[in-house]
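Please walk through this structure one residue and one element at a time, with the cut-offs stated as they come up.

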Amino acid sequence: HITSPIMPQSHHHHHHHHRKHVVASLDLHGKLKDQAISDVTHFLESVMRNSSNNNQNQQVWVHIITGTGSHSRQGPVLRSAVESLLTRRGMSFSLEKGNGCFLVNANSGHALYAAPQPK
């Protein structure tokens, strides 16, 4: 298990009302759409494998960063691709406005398929 000290709030971004403990984040900057979808899928699986000893009802929050799209035309494409993937899986997530970052509960929704585990 990754036991990382919680960052002192001072040098954290101004956190709004949500005080969710984010356990992992995935940065999709510059990824192509298909690669990004596959990355997200594996990322969510590995997060859940690592937290499998957790309570089933516990929320496991992760960040998926698609970038704002200001540097590339890919940003909005990735954002809508990720959004539709999360929606199809029935996951609970919110898009943090303005910074191209999804806050996702990895312990929500359902996997859509039984993929063979990558070695």
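Setting aside neighbours within four places in sequence, His63 is in contact with Val22, Ala24, Ser25, Leu26, Phe43, Glu96, Cys101, Phe102 and Leu103, where contact means heavy atoms within 4.5 Å. This is a predicted model, in which local features need pLDDT of at least 70 and side-chain atom pairs count only at pLDDT 80 or more, while totals for chains, interfaces and linings use all residues. Residues are numbered from 1 along each chain as its sequence is written, and side-chain values use heavy atoms, with hydrogens and water left out.

His63 belongs to strand β2, residues 61–65. With a relative accessible area of 18%, His63 counts as buried (buried is under 20% relative accessible area, exposed over 50%, partly exposed in between, with a 1.4 Å probe and protein chains only).

The chain contains 2 helices and 4 strands, in the sequence order β-α-β-α-β-β. Helices (H or I, at least four residues) and strands (E, at least two) are DSSP runs, numbered from the N terminus. Of the contacts with a separation of 6 or more, 59% join residues 24 or more positions apart. Buried residues are 30% of the 119 in the chain.

Helix α1 runs over residues 33–50 and spans 26 Å from its first C-alpha to its last, close to the 26 Å expected at 1.5 Å a residue; the expected span is 1.5 Å times one less than the number of residues.

The largest nonpolar core has 18 residues, of which Leu28, Val40, Leu44 and Ile64 touch the most other members. Such a core is a set of buried Ala, Val, Leu, Ile, Met, Phe, Trp, Tyr and Cys residues joined through side-chain atoms within 4.5 Å. Two or more residues of this core come from each of α1, β2, α2 (74–88) and β4 (101–105), and α1 gives the largest share, 5 residues. Beyond its neighbours within four places in sequence, Leu44 is in contact with Val62, Leu86, Arg89, Met91 and Ala106.

Phe93 and Phe102 are edge-to-face, 5.7 Å centre to centre with 65 degrees between the planes; rings of Phe, Tyr and Trp (its six-membered ring) pair if their centres lie within 6.5 Å, with planes under 30 degrees apart stacked, over 60 edge-to-face and the rest tilted. Phe102 is buried because its relative accessibility is 0%, whereas Phe93 is partly exposed at 24%.
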